[in-house]
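Trainee: Could we walk through this model together? I would like to learn how to read its rings and strands.

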Amino acid sequence: MKNKFQDLAMLDLYHNRGKVKWLIFIASLIISVGSIYYTNTLVSELKEREKKQITLYASAMEYVANNSDNLTFIHKGIIQENHNIPVIVADAFGNPTDQYRNINFKNNATEEEKDKKLRAEVQRMKLDYEPIQIVENQYLYYTNSELLTRLKFYPYVQLSVILVFGILAYAVFNQSKIAEQNRVWAGLTKETAHQLGTPIASLMAWIDYLKNSPVWEENKEVIVELDKDVSKLRMVTERFSNIGSSPVIKEENVYQVIDEAVNYLRPRISSKVNINLNTHAEEVEAMMNKSLFEWVVENICKNAVDAMKGEGKISINIVKDSEKFVHIDITDTGKGLDKSMFKKVFNPGFTTRKRGWGLGLTLAKRIIEGYHQGRIFVYQSEIGKGTTFRIVLRGNKENTSEFNVEDPFMS
């Protein structure tokens, strides 16, 4: 029972992974805002402390200026002990005097360069804090210490580092997950092919027996159809065997391959569905694995039949786009898709039916993009009118060009 609940929880997480991502994002945002708030609180406290220190510093300078007694302790203990906060004493017009501390000059700077630097610092300090009057016509200008400045930017540096490591960790984890999924996918399909091998071989033997038996003439039509289905099972087994390995990709006549797939489908789908294959591209060839490509055509057509609820029209149009690429457009007259669904239809588990695993289009995408180095996408769709899937294949084996296809979601 416990394992059942765990499986249900994992399934729920999988189907709600979009919400989970948003929850993780919101949690990360809260942590980030909290970190920035906490650091800003520390910065505010340090600012207040430095302000009190500068006020004391200004009071000490005022006291020294107004008293001629021995004030060595004040001068050394307060004024000269400021090693962090940049300060400059200037007149009412912002002209700096020779009293300043913690101002960095470049090596071998001339008096003119130092004066220019001090004036620029006075203007900058004026923007940071109001100057403190020491005595008549003398004001103390100051700004944040280097420590306080570094602390101010610390949370952003920290978040940047966390973000970089997070992205790297996500990329590594994602690649590892994809590799593991591919291994499971390949292992499952090969095991399926292996398990199908024995009963298919047995069925082939029985059909051969029937062909040579007295019942042949009386049941010829049925036996022929059985033979076709067994041949199809052999092809399916071959397809599963190709998953996870490197199938042979060679130039094939696109029209003939699609025509064979369609001819097999016609008697096995609703008689109210009309499949039309254009006859203007009978000599077009493209790089493909025949068995796997037929699988793609069948999956898209079966999805189209479901979308039309067993009644409508499927049009397949083959166009040679120059010498480099071949476009195959498969259009149905089904219920159509919203634009937000154009990419989601290829996600594992996505289905609009009450039954089914939602793997047909996922498999089609893997076959076209993974094994054929092609492209498959929703070319256009309109609610209530139908959908067009476009497959793009390379026209010849010498073609190594990048795809330049009209996909509205590539940008």
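Mentor: Gladly! Let us begin with a definition: a residue counts as buried when its relative accessible area is under 20%. Keep in mind that this is a predicted model.

Trainee: Thanks! Is Phe389 buried or exposed?
Mentor: Compare its value with the cut-off for buried, which is under 20%. Phe389 has a relative accessible area of 6%, so Phe389 is buried.

Trainee: How is the pair of Phe346 and Phe389 classed?
Mentor: A pair of aromatic rings is described by the distance of the centres and the angle of the planes. Planes over 60 degrees apart count as edge-to-face. Here the ring centres are 6.1 Å apart and the planes stand at 90°, so the pair is edge-to-face.

Trainee: How many residues apart in sequence are the parts that Phe346 and Phe389 tie together?
Mentor: Phe346 is in the loop between strand 9 (325-332) and helix 9 (360-371). Phe389 belongs to strand 11 (residues 386-394), so the parts tied together are apart in sequence by 43 residues.

Trainee: How many aromatic pairs are in the whole structure, and how is the pair of Tyr129 and Tyr142 classed?
Mentor: A search of the whole structure gives four aromatic pairs. For Tyr129 and Tyr142, the ring centres are 4.8 Å apart and the planes are at 10°. Planes under 30 degrees apart count as stacked, so this pair is stacked.

Trainee: Which residue lies over the face of Tyr379?
Mentor: Look for a charge above the ring, as with Lys114, which lies over the face of Phe105 at 5.7 Å from the ring centre. Over Tyr379, at 3.9 Å from the ring centre, the residue is Arg390.

Trainee: Which strands stand at the edges of the five-strand sheet?
Mentor: The sheet is open, with mixed pairing and the order 6-8-9-11-10. An edge strand here has a single partner strand, so one side is left without a neighbour in the sheet. The edges are strand 6 (273-277) and strand 10 (375-382).

Trainee: In which sense do strand 10 and strand 11 pair?
Mentor: Strands of a sheet pair through backbone hydrogen bonds, either parallel or antiparallel. Strand 10 and strand 11 pair over seven bridges, and the sense is antiparallel.

Terms used. Residues numbered from 1 in each chain as written. Predicted model: local features only at pLDDT ≥ 70, side-chain atom pairs only at ≥ 80, totals over all residues. Heavy atoms only, no water. Phe/Tyr/Trp six-rings, centres within 6.5 Å; stacked < 30°, edge-to-face > 60°. Helix = DSSP H or I, 4+ residues; strand = E, 2+ residues; numbered from the N terminus. Buried < 20%, exposed > 50% of the residue type's maximum accessible area, 1.4 Å probe, protein only. Lys NZ or Arg CZ within 6 Å of the ring centre and 35° of its normal. Pairing = 2+ DSSP bridges.
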